[in-house]
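Let's walk through this one together, question by question. Have a look at the structure first.

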Amino acid sequence: MAYELTGKVKLIQDPKTFDSGFTKREMVVVVEDGKYPQEINLEFVQDKAALLDALEPGQEVTVTFDIRGREYNGRYFNNLQGWKVTQLGSNTEEPPPPSEQYYPNPSDFEDDIPF
């Protein structure tokens with residue numbers, strides 16, 4: 001099941017690559033939630049870590065993520081694993097070029113004008 005949150009990027013950590021070849025990168029997003037803002041840590045793994053390359057602290061983003069849980073030595077842990085980031089308030093796509101307007105030539109008209 002996918003979840004979303006929207007907030008401002010506070011921190012983007014450098015990627016960490018482990019001996020096994022596993023790569024992970026974390027970021028913190030500040031979400032305005034009631035009286036106290038929440039600082040939410042999300043992790044991006046393997047090829048999804050590259051999604052954070054274009055981001056900078058202070059940017060407004062919407063992050064789509066999954067919740068992952070696991071047990072380790074009798075303790076239980078949850079991770080928020082991001083897989084999509086959308087930048088808000090910035091137009092990352094170039095606007096389409098203006099379409100060329102068609103201006104007819106006088107020869108396109110018939111000489112038989114009704115007025």
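Q: How many aromatic pairs does a search of the whole structure find?
A: Keep in mind that this is a predicted model. Rings of Phe, Tyr and Trp count as a pair if their centres lie within 6.5 Å. Searching the whole structure on that basis, the number of aromatic pairs comes to two.

Q: Are the rings of Y3 and F65 stacked or edge-to-face?
A: A pair of aromatic rings is described by the distance of the centres and the angle of the planes. For Y3 and F65, the centres sit 5.9 Å apart and the planes make 25 degrees. Planes under 30 degrees apart count as stacked, so this pair is stacked.

Q: Which residue in β3 is the bridge partner of V9?
A: β1 also pairs with β3, in the antiparallel sense, over four bridges. Look in β3 for the residue bridged to V9, and you'll land on V29.

Q: How far apart in space are L88 and T6, C-alpha to C-alpha?
A: L88 lies in the segment after β6, and T6 is among the residues it touches. The two are 82 residues apart in sequence, yet their C-alpha distance is 9.0 Å.

Definitions and conventions. Residues numbered from 1 in each chain as written. Predicted model: local features only at pLDDT ≥ 70, side-chain atom pairs only at ≥ 80, totals over all residues. Heavy atoms only, no water. Helix = DSSP H or I, 4+ residues; strand = E, 2+ residues; numbered from the N terminus. Contact = heavy atoms within 4.5 Å. Phe/Tyr/Trp six-rings, centres within 6.5 Å; stacked < 30°, edge-to-face > 60°. Pairing = 2+ DSSP bridges. Lists of a residue's contacts leave out its neighbours within four places in sequence.
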